[in-house]
Amino acid sequence: MLPLDHHFKPILENVDPVLQVTFFLVVTCQVLLGVSRRGCSFLLQMVQYVIHLTLLRLGPNLSQGDEKLLSGIPTDPRTTEKAFYLEDKKTIFAVCPNPDCHFNYKPTFHEGSPIPHYPTTCSHREFQGSPKCGTPLIKPRRVNGHIIHAPIKPFVAFSFKHWLGGILARSEFEKTMDKSWMPCKERPAPEMKDIFDGEVLRNFKGLDGQHFSAGGEEGRYVFSLCLDYFNPLGNKQAGKKKSIGLISMVCLNLPPEMRYKPENMFLFGIIPGPNEPPLACFNHYLHILIEELLEFWYSGVRFSRTSTCYYGRVVRCALVCVVSDLLAARKVNGFAAIGHKQMCAICHCTRQQQDGLNDSFASLGERRTGEEIRKSAQLYLDAENEKERKEIVTTTGIRWSELYRLPYFDPSRMVVVDCMHNLFLGLIKEHFEILGIRMDNKKCNETPALSINISMDGMSELNKNERKSVDKLIETLESPLNKELESQDGYDMYLKRLEKLHKQALKLFFESFKLKVNPTYTPINEKNLNKADFVHSILTWVSC
Amino acid sequence: MLKQGAVLTPDEMSELRSDIEHMYTPSWLTSVPTNLGEPSHGKLKADQWRTVGTTYLPVSLIRLWGRLEDDDQRKKLLAATLSLISAVIVASSWTASQEKADLYLHHMQTYLNGLRELFPQYRFLPNQHMALHLAEYLRFYGPVHSWWTFPFERLIGMLQRIPNNFQDGEFHLHSSLIIMTFIFSRAARRNSFYHLHEVCQPSSSYAKRRLPASDQELQWPFLQICRPSSAQHAYHGYCSFFFP
């Protein structure tokens with residue numbers, strides 16, 4: 001049974017209203033306005049001072065009650081946080097920092113001690129009999145003179161149970177959520193207005209074979225899961241590329257206008273960066289969530305009190321759809337990557353040879369079934385080594401995903417094609433490219449002002465970097481730059497740009513076009529020309 | 001023969017841009033950069049793509065190509081474009097039904113076949129294949145607003161805007177702190193505003209005290225930063241406490 005009574009306790013009961021307002025002021029500043037902890041403790045001290053000064057107007061001596069009021073104002077803003085019960089229940093896992101492993105470890109606590117303990121090294125084996133990973137997991141950190149071993153790569157996982165308890169504790173929420181099953185009990189309407197009118201939820205069976213909503217007194221709720229990777233440094237085209245993942249869940253039983261408010265969404269965790277976990281490694285994170293969901297499915301979870309049921313209630317939950325863009329959907333559901341021959345997990349369309357007229361992507365193939373996908377996934381799981389796994393993926397296009405542990409999960413139906421990424425960012429964008437409206441800077445190719453060909457014999461003598469230099473040189477020279485070269489500033493700019501290239505590349509260019517040294521910029525040493533001499537002559541040649 | 005990636009001429013492009021600039025649109029419609037196609041405006045958002053595709057593009061293209069001969073390649077491309085736009089509009093409708101799913105599939109297939117005829121060299125993308133499957137999901141799950149990623153992307157936007165001063169190397173640390181800040185702020189919204197009336201319970205012994213009249217005009221600046229409904233809620237909570 002999960003105790004939820006703290007949600008029903010009044011906040012700061014029987015406390016002086018002056019203190020109540022002070023606490024509220026500081027919490028608002030800290031949480032909503034983003035004032036730092038230091039700023040908040042300054043704020044607290046100033047409020048205390050202001051009250052003190054105000055009280056002194058009544059007389060030089062403070063009464064006992066007033067003294068008590070002043071001493072009741074804390075100096076540390078963490079005290080105010082605690083008074084509002086803002087902490088959600090969370091566990092900090094230690095993730096293996098090895099980019100190919102990502103296995104995670106739950107902390108253990110010694111009796112009566114709040115300090116978490118983690119294993120020193122990663123003992124995960126990918127296959128039976130294969131060597132242990134062995135990567136160190138923790139690093140020493142000094143806290144108040146004591147050395148504590150903290151995880152190198154922490155993963156903060158929030159408890160789904162506790163979050164759901166918080167939602168159920170709010171007045172009206174539980175009632176609204178129970179009401180949402182109504183459309184499933186009526187005859188199907190021709191117009192579908194919400195997800196409950198759809199086929200999947202209308203036919204969704206519970207553990208007992210009855211419709212999932214028929215739980216009597218039990219609460220029955222359905223959720224959607226979303227995984228998306230994003231760049232925490234912002235989406236600038238030229239910016240740094242880092243990728244961290246966001247796993248969140250939404251309660252579909254809430255009406256659409258409520259379910260997507262940030263305070264009603266469950267944020268399970270953020271997959272630490274800097275890069276996405278490869279292939280099936282994402283499963284280690286999902287494992288934690290799936291354990292909780294399995295408990296919600298088989299036995300249900302009993303909450304000690306909810307807003308409508310004073311004496312508690314059993315709640316069962318199910319995950320009915322996975323919403324994510326095409327790339328993330330591959331990973332979370334264990335489907336093969338996007339370039340794979342059997343990239344589609346919904347039907348058996350294999351990418352054939354590049355023949356425009358028979359492209360199998362332009363038509364639907366034979367439908368896959370959930371059982372078939374599960375079987376292939378089991379094959380992957382049972383494989384004994386990496387080579388065997390690779391072969392299985394090549395033939396079936398399916399890897400293992402923790403989601404398959406949910407007995408009701410149908411991977412061929414419950415992984416939706418996201419409309420936003422697929423239509424708006426996919427097809428419409430692609431159609432604009434087809435029409436010739438280019439958004440990408442690199443793809444823009446202006447008509448060349450002149451075309452330059454360099455013989456292959458000369459190129460073959462250069463190394464890789466020098467060849468790149470030649471390409472860059474040609475690219476620069478082919479664009480129309482006559483006008484810019486007329487002014488001294490423009491000339492200097494190109495002079496600087498070309499001087500950065502390799503000398504060998506410039507020399508090759510100089511020799512293959514049989515250029516002459518520019519008489520205005522006489523070289524110091526005629527026999528041994530330097531970079532600047534080459535650039536001067538090239539630019540003179542281009543501008544005339 | 002049309003060349004894929006170079007259909008619109010510069011003149012036609014400038015027509016499209018001037019249409020974007022001069023069209024009167026309702027203020028709630030997402031705005032689209034008037035210099036569309038130049039790199040300077042950066043990446044477009046998903047909603048901007050939807051707006052430019054379903055509002056501006058059909059208007060301009062029909063104006064430019066609508067009167068061409070029927071066997072003109074561009075007229076055929078116009079027809080294909082319109083099937084794509086119809087499919088998108090049907091799919092993103094606020095209601096769904098069996099008929100709408102069929103209609104979507106029909107338009108999408110017409111579009112892909114049109115592309116195949118016009119550009120025999122065109123390589124279809126996985127996205128275009130998945131778009132065909134979308135029809136099934138309209139039947140499975142009803143209208144798309146229950147299962148698209150817009151709300152989740154908004155959540156990401158909120159996370160990205162959380163101020164931080166961490167160094168680039170510490171991404172794992174960064175992410176865990178972001179999430180803590182976020183959860184914390186969310187819980188605070190929930191608790192502080194929804195339970196505010198409980199904070200100021202009239203049952204407390206202090207409720208009997210009355211504040212002086214001048215304090216009745218107290219402004220609560222923090223009420224402006226939360227949403228109107230919860231602000232009112234909070235405000236009434238406070239008022240009923242102080243001025244019973």
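Predicted model: local features only at pLDDT ≥ 70, side-chain atom pairs only at ≥ 80, totals over all residues.

Q: OK, and which share of chain B contacts between residues at least 6 apart in sequence join residues at least 24 apart?
A: In chain B, 55% of them do.

Q: How many helices and strands does chain B have?
A: Chain B has nine helices and zero strands. Helices (H or I, at least four residues) and strands (E, at least two) are DSSP runs, numbered from the N terminus.

Q: And how much of chain B is buried?
A: Buried residues are 50% of its 244 residues. Buried means under 20% relative accessible area, exposed over 50%, and partly exposed in between, with a 1.4 Å probe and protein chains only.

Q: How do H2(B) and H3(B) pack?
A: Helix H2 of chain B (residues 46–65) and helix H3 of chain B (residues 73–91) pack at about 160°, with axes 10 Å apart. Axes are lines fitted to C-alpha atoms, for helices over the stretch in contact, and angles run from 0 to 180 degrees between N-to-C directions. H2(B) and H3(B) are therefore roughly antiparallel. The cut-offs: under 35 degrees is roughly parallel, over 145 roughly antiparallel, 65 to 115 roughly perpendicular, and the rest oblique.

Q: Which residues meet there?
A: On the H2(B) side they include Leu57(B), Leu61(B) and Trp65(B), and on the H3(B) side Leu78(B), Leu82(B) and Ile85(B) are among them. By class, this contact of H2(B) with H3(B) has 11 nonpolar, three polar and two charged residues. Ala, Val, Leu, Ile, Met, Phe, Trp, Tyr, Cys and Pro count as nonpolar, Asp, Glu, Lys and Arg as charged, and the others, Gly among them, as polar.

Q: Switching to chain A: in what order do the strands of the open sheet with E12 run?
A: Five strands of chain A line up as E10-E9-E8-E12-E11, with mixed pairing. Strands E10 (266–271) and E11 of chain A are at the edges with a single partner strand each, so one side of each has no neighbour in the sheet. From one strand to the next, the twist averages 30°.

Q: What counts as pairing, and who are the partners of E12(A)?
A: Two strands pair if DSSP finds at least two bridges between them. Strand E8 of chain A (residues 219–230) pairs with E12(A) in the parallel sense over eight bridges, and Val222(A) stands opposite Ala318(A) in E12(A). Strand E11 of chain A (residues 301–303) pairs with E12(A) in the antiparallel sense over three bridges. There, Val301(A) has Val315(A) in E12(A) as its bridge partner.

Q: Why is E12(A) described as largely enclosed?
A: Because 10 of the 11 residues of strand E12 of chain A (residues 313–323) are buried, the rest of the structure largely encloses it.

Methods:
Residues numbered from 1 in each chain as written. Chains lettered and ligands numbered in written order. Heavy atoms only, no water. Contact = heavy atoms within 4.5 Å.
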